Amino acid sequence: MSRATRATIHLAALRENLKRVREVAPRSKVMAVVKADGYGHGLERVARELSAADAFGVASIADGQRIRATGLSNRVVVLSGIDEPSDIAQMRRLDLESVLHHESQLAWLEEDSAPAGAKPLRTWLKVDTGMHRLGFAPDRVAGVQARLRALPGVDPRSVLMTHFANSDVFDDPISMLQIDRFEGVARAFTGERSLANSAGVLGFPQAHADWVRVGGLLYGISVVAGRSGSAFGFHPAMTLGTRLIAINRVARGERIGYGGTWQCPEDMDVGVAAIGYGDGYPRHAPPGTPVLLRGREAPVVGRVSMDLVTLDLRAHPDARVGDEVLLWGPALPVERVAEAAGTIGYELVCGMTRRVDFVEDHAPLH
Ligand SMILES: *Cc1c(COP(=O)(O)O)cnc(C)c1O
């Protein structure tokens, strides 16, 4: 039999989550962020299901090319923009739009000569309001916009955008400061505006503006501490599952797995499931990390190894070899697993490796 490890992608959840974003931000257009292979769910399948989005956000021209190859004609924005001068021609050819965040990119655009009759390149002008990762300083925006407008090959209607550093903490004043700084710049800017990522959509309705840029929520995942996507009406789009391949009786005092880091407090059954860090299950998931067996928790014990994970079956006298094991999904939010493992749900769903079997669930949501 083939290895049982399987990521099931719930296509209806993707579509419903887009509708839910529109309910939460009814006056905004939606950029569906599909970088990192659609947050690990599969770029082409995600883009197909989210074809009602007003635009897609990607991290690379190659991803934009993959979207175009599916035949989709939605707007596509490359979120870090031009990496070298030759990118400009490629973006034109593929009808991609570029974020513009740095003087070097502006200089490349100024040196570029658009072929006659070329469609003007659309740009998203990024201002750094406090995250200090990408973006022009606020006092440079007016000058940059003026220079862009002088370029015949560039569409004069840029979208002004910024990115929140900590919008998942709803009461952190840094987001308010970022909104204030953004508004200060936007007053002198003609064009559309975009501030909010997923957490910004949930926590800062005053920042929905013309475009929201949503990734996590489309996959049903929240980064708000202690609250999973379902708490906000979103549906997890991935179930990660496998099977139990062994059940072993282990005596009190014996140690489980590499390093012998976990000791049996009593005679007990230990289950072995066919998944490990070689599949993308986090090696740093500590003992106690929740796993579901027959709808009840069977926590991790011992270290996660490459192909296998060991489970505490003390609450599962009925467990059988071959039983389905659920690592995360609608019944066990990936956010809970992530919290136990000291990360965020995004990292876990992005981390599935090539040996994981991806299957599509076409059923309607229930
Ligand atoms: C990744 C990304 C987003 C989406 O963030 P989520 O938290 O997944 O909604 C939005 N904007 C930019 C610039 C991004 O890089």
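Domain 1 and domain 2 bury about 1,100 Å² between them, with 60% of that area on carbon and sulfur atoms; buried area here is the accessible area, for a 1.4 Å probe, that two parts lose on being put together, summed over both. The size of an interface is often given in this way, as the accessible area lost when the parts come together. Of the area that domain 1 buries against domain 2, Tyr39, Arg45 and Ile221 supply 39%, more than any other three residues.

The model is predicted, so local features need pLDDT of at least 70 and side-chain atom pairs count only at pLDDT 80 or more, while totals for chains, interfaces and linings use all residues. Residues are numbered from 1 along each chain as its sequence is written, and side-chain values use heavy atoms, with hydrogens and water left out.

The protein chain is divided into domain 1 (11-224) and domain 2 (238-361), with bounds taken from an automatic or database domain assignment. Their C-alpha centres lie 37 Å apart. The contact (heavy atoms within 4.5 Å) takes 14 residues from domain 1 and eleven residues from domain 2.

Between the domains there is one salt bridge, defined as a side-chain nitrogen of Lys or Arg within 4 Å of a carboxyl oxygen of Asp or Glu. Arg45 forms a salt bridge with Glu360, and the closest N and O atoms are 2.7 Å apart. On the domain 1 side, helix H1 (11-24), helix H2 (35-39) and helix H3 (43-49) each supply at least two of the residues that touch domain 2; helices are DSSP runs of H or I, at least four residues long, numbered from the N terminus.

A polar side-chain atom of Tyr39 is 2.5 Å from an oxygen atom of the ligand. From the backbone, an N or O atom of Gly215 lies 2.9 Å from a ligand oxygen atom, and a polar atom of Gly216 lies 2.8 Å from an oxygen atom of the ligand.

Finally, Thr343 is found in the loop between helix H10 (334-341) and helix H11 (345-350). The side chains of Thr343 and Glu347 are joined by a polar contact of 2.4 Å; such a contact is a pair of N or O atoms within 3.5 Å, where within protein one must be able to donate a hydrogen and the other to accept it, and residues adjacent in sequence count only if both atoms are side-chain atoms.
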